[in-house]
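Q: Could you take me through this model feature by feature, giving the general idea before the particular case?

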Amino acid sequence: MKQLILLAVFFAIPSLSQDLTHPRDMGLPDSDYTRPDPTEYQLTLENGLIAYVAEADQVPLVTMSAFIRGGLVSDESQGAAESLFDALKNAGPSGTSSSDFKASLKQMTAEFVVEMHDEWTEVSLNVPAEDLDQVLPMFAGLLRQPAISEENISRAARGVAPEANDLGGESGAALYEGSMSAAVDRFYEIIYKDHAIGRRPTTVEFNELEAEDVAAFHAKYFVPGNMTIAVAGAIDVDEINGRLVDLFGDWAMAEVPEVKRMPAITRMRAKLHHFPSDKLQSWLVIGHDLPPVPLEEQAALDVMNYIMGAVHLNTRMMRVTRYKYGYTNDASGFPEAHWYGPGGYTYRSYSRPEVIENIYQNMMGELIRIRDEEVTEHEMFVAKGALADGSFPVRYLDGYALTRSFALERLRYGNHDRSASYLQRIRAVSIDDVLNAARKYLRPDNMQVILLGEEAFEL
Amino acid sequence: MRTFRNLSILAVAFFVSQASAQDYDLPILEHVYENGLRLLVIERPGESRVVSKIFTDMGALNETPGQYGAAHFLEHVMFKGTPTLGSLDWEREKEVHAQIRAAEDALIEELNRSRNTLRERGVFHDYQHSETTPRIGELRALIDSLNRQAQELSEEGPVSVWYMAYGGTGLTATTEQEYMKFDIDLPVDRVDLFLRLEADRMQNSIFRNFDAERMVLVEQRLGDLNRAETDYREAMNSLVGRASMVYVPEGYTNDFQQYTRRYERELYETYFVPNNTTLIFIGGVTLEEMIPKVEKYFGHMERAPEPARYQGREPLPSAEKRLNWRSNTLSPRVEVRYQIPGVGHPDRPLFDVLDEAFEAHLQSAISEAGVDGTVDINTRVVHTSRFGVPASINIELVVGDASQIDKAERTLLAELRRLGEEPLPADLVAQARKKLRTEWYRTAVDPNRLAFEIGHFEVMDSWRSLQPYLEARDAATADDLARLAGKYFIANNRSVGVVRPGEVPQ
């Protein structure tokens, strides 16, 4: 009897005064969000360089980023891109020694980021506003004339050596933090095998490379019309616009390199690729290539992916792995489009080895189900709300975010039409559109399955 | 509900006016309700979104031995909804949960009754009469079956789905030693959703899918254990601290099987009360707007008996301690730790400056001494770097060659002694201060990180300590750091860890 009383208390009806109106009945207002107007932030130089500049004065910091259409697969002299990447990271602008460059960054307490992707490159600096006079010429010098030497080539060559790809050891890629990355790397090696995107320079090619080749690569791609810039922070916009004209205005207009479009990937039959790893968990990547997505299908793919596996707690993938069974901490989908060629679309998870097969079966079940059955109205409501009222506005949340988003969009597409129409396109997606997107962009017969860990199952 | 509104706003107005002359402008507005709930707002007029967080003053420090990680687990099961969120038929589901609870009570009784059979008595986990009893098997099977029934009567993701549907981003939750928090960013005009969902979560959580979620924690723990450093770091943590729960990891594997609904419910009911809770908003809302909104959803909650705060106290440092660790996968290293005071103690902010300045100095010093190594100085224990209670500063030197370990240790100890006798160069200290100031700006520019720091200081000491903490760092001198070294870097307060390759000599 005592037990029953305790249970009754345990499940007592919530206080009558508590407002427990269901969220859908709360009368939450419809979104009236409109994307900021890019022209309000845009500066176009006569040489074709476009910059986006915004004041964001919550704290005395300034961020400046340059985006360049050119990356690891753009070079004709193999290894030139990797070597330029090293020069940008380590050497600094021409006329400054590497040690002085690094000492300046340290003195300014700068955050310095250089990322080179397959098709584009980013160079970013974040510094205290008090160091603006010092950093702006450095930023311009780095972009216009980086110090390129043979040392950059040899260091880049060491970076692609086989031991840098080791799966073992303390600093190896198969540790917990890096194991998923290692599995994803294996996936891309497989789908890009014999494809231009997967090609990486060899030691022999690095040996044949000279600093002039790297400089030529830089001169071809780092030109005003092939680059956009974003500046935001505790600045006066007019003053920064003037400084940008001073620093970049005399940069000679040059021919913009033709966009290098990559061929499609030859489709492969589904296959399991097992990579042993002596860890307490196993890592799973299921996926195939992602062809370039036309504008009219992008929104439906976004909605479909949101329902299936975007990184949040309420996806179909999370429900059939984590929520119901506690198999894993995460199961999510990653459509990773390339700008001008095939990308990859993967679903990823990890777990103790004894349930990794269950995860595989459940994830595959969902990949098949979304191609066979219509999603629900409720799923559509949630996905559209999340995309249109959540992740999209966040891209333009403050000066830093919006200048970056506009600069990248302009570089990739040459205009802002995509972001202008995004909300409308998301709201127009129908259940049929999602079904079609699933049938086109998820292909169970082509899934390459990467299992990093104990051998656990066969296809 | 009556409030302290006028008084607290006046107090804040004074505080803000004092702060505005400084480098760190933190225009935090406070309102404390009669039931003890604290509301903190930074108004950013015109912003279209609002960062929203709810902090509870509880965490791993409040767990009991054998239940380590239970606070973190509570956070997980608090995502499972309430009677009004997630149930397909609450009347029926309620009955199933009652049966699960009864079965769990019976299981606890059986585990107690069978303890002499089940208890592992072997040092090497090799002496246990039996691993289970028929009754335990029956009860576990019954709970599994009831779990499946309950699952049929409920929906998945009952809280997060509504945040997502209405444009929420950045949905996370975190539990550390001293706090649990839930957070979301929303469009300003939908902030009521946060209040509706969090007030419900705070009072009416149903621990659905309890046993499945238990395994999610196991996964997280396995992830920790995959790191070569985890065992070593946990051994170092336990070497440094003798009493404080700060040093306990987020659950040992055995603990995950010990969590019960009953224990989690006790934690929940004890700590999730208004007078142990702080709401923080940064964005396009005002305090004036938020006061009645918060009252609408949290105003009915009664002030509860004050939960007992953690009062753990470490014994006085009385001996140097040493860990000799062997590993062929971990890089060879020598590490020296000293206990340091918690946030709220006037010396604590100076340790941030010492960390930065001494790291730069030590890196040069070991190079000059011919040691090939990398220095990292930090104050991290498990995942957290600041506490309201004493913790430690960790001076780590990873060497490229194990044969240099002894030399590295001698150099390290000599430099630590020197630090107490000879102040660091002033420019090094100035550079450290600048780095900390810039890092703070990088935190403050992100309303999410700023709101976290405000909430974290509130549970460690008080949100009012945050700005003086930052200002104290800016005022630190080389002499201050020398004084710290002389006071804290003494042999009896030292724990040394050495990692070498090879096997332990017998």
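**An enclosed strand and a helix crossing**

A: Strand β6 (residues 227-233) of chain A is largely enclosed by the rest of the structure, because 7 of the 7 residues of this strand are buried, where buried means under 20% relative accessible area with a 1.4 Å probe and protein chains only, and where strands are DSSP runs of E of at least two residues and helices runs of H or I of at least four, numbered from the N terminus. This is a predicted model, in which local features need pLDDT of at least 70 and side-chain atom pairs count only at pLDDT 80 or more, whereas totals for chains, interfaces and linings use all residues. Residues are numbered from 1 along each chain as its sequence is written, and side-chain values use heavy atoms, with hydrogens and water left out.

Q: Which strands pair with β6(A), and in which sense, parallel or antiparallel?

A: Two strands pair if DSSP finds at least two bridges between them. Strand β2 (residues 50-55) of chain A pairs with β6(A) in the parallel sense over 6 bridges, with Gly233(A) as the bridge partner of Glu55(A), while strand β3 (residues 61-68) of chain A runs antiparallel to β6(A) and is joined to it by 7 bridges, Ile68(A) standing opposite Met227(A).

Q: How are helix α2 (residues 80-90) and helix α5 (residues 150-159) of chain A arranged?

A: Two packed helices are described by the angle between their axes and the distance between the axes. Here the axes, which are lines fitted to C-alpha atoms over the stretch in contact, with angles from 0 to 180 degrees between N-to-C directions, come within 8 Å and cross at roughly 110°. That makes α2(A) roughly perpendicular to α5(A), a term covering 65 to 115 degrees.

Technical notes: Chains lettered and ligands numbered in written order. Buried < 20%, exposed > 50% of the residue type's maximum accessible area, 1.4 Å probe, protein only. Parallel < 35°, antiparallel > 145°, perpendicular 65-115°, else oblique.
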